Amino acid sequence: MNGAGGELGPSHILRAAGRTAVAWRNGGGVTREVAVHPPGAGWDTFDWRVSLAEVTADGPYSPLPGVRRILTVVAGAGTELTVPGVSRLRADRYRPLAFPGGAATAGRLLDGPVVNLNVMLREGRARATVEMVRGSRRVAAGPGSGAGSGTDGGRSAGQGVLVMALEGRTRLSAPGEPVVALERFDAVWLAGARAAAAELGTDGVAAVVTLSA
């Protein structure tokens, strides 16, 4: 599996150490981008975006009209979200919550800082599921990311599976590839046949994010 940086290939390691922290304008935290499609896309042009946010203070979320958000607390006690038109949502650790990005959402920390895994999806252009995995399982390919998705293994269409280590020891194996050991918040992008055949094992918790665009 090739290293971090650049366009996502059929199998691609995304090490936590290689990410750049971007501070929020309101001073409430920092965000580190994990992966985005299309490659290099900005806030106005992405189909989907996966990031980790370190939240240190209560406050509003940036409004993102036309974007669906899936938030999962992956470190810390949790967050209470206030979303207009929706009852207050309690985001406990390892429980994904989906809500509209365009809503004027505010977050209140339950007991100190948290780290959130954020999956952002442009409505009508991308879909995703977010699962928390304990133990071992086969990593299933995303919709359309199998053999019929084209010769590039799905990367041009942004279809595949992102596996991220959240807690404990996590290992990923795929046919013809060396076993990959993932430290906390390291991730691997898998597309095409590699996603369908890969095996995930963890003695803690790992996230499996299946994406299609």
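## Overall architecture

The protein chain has a secondary structure of 1 helix and 17 strands, where helices (H or I, at least four residues) and strands (E, at least two) are DSSP runs numbered from the N terminus. This is a predicted model, in which local features need pLDDT of at least 70 and side-chain atom pairs count only at pLDDT 80 or more, while totals for chains, interfaces and linings use all residues. Residues are numbered from 1 along each chain as its sequence is written, and side-chain values use heavy atoms, with hydrogens and water left out.

Of the 213 residues of the protein chain, 50% count as buried, a class defined by a relative accessible area under 20%, with exposed meaning over 50% and partly exposed in between (1.4 Å probe, protein chains only). The accessible surface of the chain comes to about 9500 Å², and 51% of that belongs to carbon and sulfur atoms; the areas come from the Shrake-Rupley method with a 1.4 Å probe, and for residues only the protein chains shown count as cover. Among contacts (heavy atoms within 4.5 Å) between residues at least 6 apart in sequence, 70% join residues at least 24 apart.

## The six-stranded sheet

An open sheet is formed by 6 strands in the order β2-β3-β4-β11-β6-β9, with antiparallel pairing; two strands are taken to pair if DSSP finds at least two bridges between them. The edge strands are β2 (21–23) and β9, each of which pairs on one side only. From one strand to the next the twist averages 30 degrees, with axes fitted as lines to C-alpha atoms (for helices over the stretch in contact) and angles running from 0 to 180 degrees between N-to-C directions.

Within this order, strand β4 (residues 48–55) and strand β11 (residues 114–122) pair in the antiparallel sense over 8 bridges. Trp48 has Leu121 as its bridge partner in β11.

Strand β10 runs antiparallel to β5, to which 2 bridges join it, and Pro60 stands opposite Ala106 of β10. Strand β7 (residues 78–82) also pairs with β10 in the antiparallel sense, over 4 bridges, and here Glu80 stands opposite Arg108.

## Aromatic pairs and charges over rings

Rings of Phe, Tyr and Trp (its six-membered ring) pair if their centres lie within 6.5 Å, and planes under 30 degrees apart count as stacked, over 60 as edge-to-face and the rest as tilted. By this rule the count comes to 3 aromatic pairs. One of them joins Trp43 and Phe46, whose ring centres are 6.3 Å apart and whose planes stand at 70 degrees, so the pair is edge-to-face. Trp43 is partly exposed at 46% relative accessibility, whereas Phe46 is buried at 0%. Tyr61 and Phe99 form another edge-to-face pair, with 6.4 Å from centre to centre and 65 degrees between the planes. Because Tyr61 lies in the loop between β5 (59–60) and β6 (67–75) and Phe99 in strand β9 (residues 97–100), this pair ties together parts that are 38 residues apart in sequence. Tyr61 counts as buried at 15% relative accessibility, as does Phe99 at 2%.

A charge sits over a ring if NZ of Lys or CZ of Arg is within 6 Å of the ring centre and within 35 degrees of the ring normal. The charged end of Arg122 sits over the ring of Phe46, 4.3 Å from its centre, and Arg93 lies over the face of Tyr94, at 5.9 Å from the ring centre.
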